[in-house]
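Please brief me on this model, topic by topic.

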Amino acid sequence: MTKLVLTVDDSRTMRDMLKLALGDAAFQVLQAVDGVHGLEVLETSAPDVIITDINMPNLDGFGFIEGVRRSDRHRTIPILVLTTESDQEKKQRARDAGATGWIVKPFDPVKLVDAVRRVAA
């Protein structure tokens with residue numbers, strides 16, 4: 001069965017790169033342009049995995065993760081943070097918000113797909 005991944009990133013280039021890497025690995029991909037849009041997409045979908053950036057307008061990744069974790073319907077979805085940030089405090093803040101894992105940009109498509117497969121299993 002095809003797994004559904006929601007990607008949340010304000011960069012069109014990054015969304016395109018994610019869609020290509022995940023699509024090549026037979027994942028179905030939903031996309032959102034920021035945290036607010038991501039929460040709207042979740043109202044009508046149930047992805048198997050979420051990949052989110054941290055630095056976004058309107059609602060950043062921390063707020064988005066907290067919003068997902070407040071929803072009974074989506075509380076258990078694995079969330080991977082994909083960001084240029086590598087600061088330990090931010091990693092801890094993401095974990096505290098409910099993130100499952102952390103991937104630093106630029107990402108290796110093979111490693112990204114492996115990480116998604118691991119958390120989606």
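The notes below cover helix packing, selected loop residues and backbone geometry.

This is a predicted model: local features need pLDDT of at least 70, side-chain atom pairs count only at pLDDT 80 or more, and totals for chains, interfaces and linings use all residues. Residues are numbered from 1 along each chain as its sequence is written, and side-chain values use heavy atoms, with hydrogens and water left out. Helices (H or I, at least four residues) and strands (E, at least two) are DSSP runs, numbered from the N terminus.

- Eight of the ten residues of H3 are buried, so H3 is largely enclosed by the rest of the structure. Buried means under 20% relative accessible area, exposed over 50%, and partly exposed in between (1.4 Å probe, protein chains only).
- The buried residues of H3 are Gly-61, Phe-62, Gly-63, Phe-64, Ile-65, Gly-67, Val-68 and Arg-69.
- These buried residues pack against S1, H2, S3, strand S4 (79–83) and helix H4 (88–97). Contact here means heavy atoms within 4.5 Å.
- Asp-60 caps the N-terminal end of H3, with a side-chain oxygen 3.2 Å from the backbone nitrogen of Phe-62. A polar contact is a pair of N or O atoms within 3.5 Å; within protein, one must be able to donate a hydrogen and the other to accept it, and residues adjacent in sequence count only if both atoms are side-chain atoms.

**Helix pairs**

- Two packed helices are described by the angle between their axes and the distance between the axes. Axes are lines fitted to C-alpha atoms, for helices over the stretch in contact, and angles run from 0 to 180 degrees between N-to-C directions.
- Helix H2 (residues 35–42) packs on helix H3 (residues 61–70) at about 20°, with the axes 9 Å apart. H2 and H3 are therefore roughly parallel. Angles under 35 degrees count as roughly parallel, over 145 as roughly antiparallel, 65 to 115 as roughly perpendicular and the rest as oblique.
- Gly-35, Gly-38, Leu-39 and Leu-42 of H2 make the contact with Phe-64, Gly-67 and Val-68 of H3. By class, this contact of H2 with H3 has four nonpolar, three polar and no charged residues. Ala, Val, Leu, Ile, Met, Phe, Trp, Tyr, Cys and Pro count as nonpolar, Asp, Glu, Lys and Arg as charged, and the others, Gly among them, as polar.
- The axes of H3 and H4 come within 9 Å and cross at roughly 20°. That makes H3 roughly parallel to H4.
- From H3, Phe-62, Ile-65, Glu-66 and Arg-69 meet Lys-90, Arg-93, Ala-94 and Ala-97 in H4. The contact of H3 with H4 has four nonpolar, no polar and four charged residues.
- H1 and helix H5 (residues 109–120) pack at about 65°, with axes 10 Å apart. H1 and H5 are therefore roughly perpendicular.
- Leu-18, Ala-21 and Leu-22 of H1 touch Pro-109, Leu-112, Val-113 and Val-116 of H5. The contact of H1 with H5 has seven nonpolar, no polar and no charged residues.

**Two aspartates in loops**

- Asp-9 sits in the loop between strand S1 (4–8) and helix H1 (12–24). At 1% relative accessibility, Asp-9 counts as buried.
- The side chain of Asp-9 makes a polar contact with the side chain of Lys-105 at 2.9 Å. Not counting residues up to four places away in sequence, Asp-9 touches Met-14, Arg-15, Ala-32, Val-33, Asp-53, Met-56 and Lys-105.
- Asp-48 sits in the loop between H2 and strand S3 (49–52). At 28% relative accessibility, Asp-48 counts as partly exposed.
- Beyond four places in sequence, Asp-48 touches Thr-2, Lys-3, Leu-4, Ile-77 and Pro-78.

**Backbone geometry**

- Most residues other than glycine have a negative phi, and most peptide bonds are trans.
- The peptide bond from Lys-105 to Pro-106 is cis, with omega near -10°. Pro-106 is in the loop between strand S5 (101–104) and H5.
- Ala-26 has a positive phi, near 70°. Its loop runs between H1 and strand S2 (28–32). At 55% relative accessibility, Ala-26 counts as exposed.
- Asn-58 also has a positive phi, of about 70°. Asn-58 is in the loop between S3 and H3. At 66% relative accessibility, Asn-58 counts as exposed.
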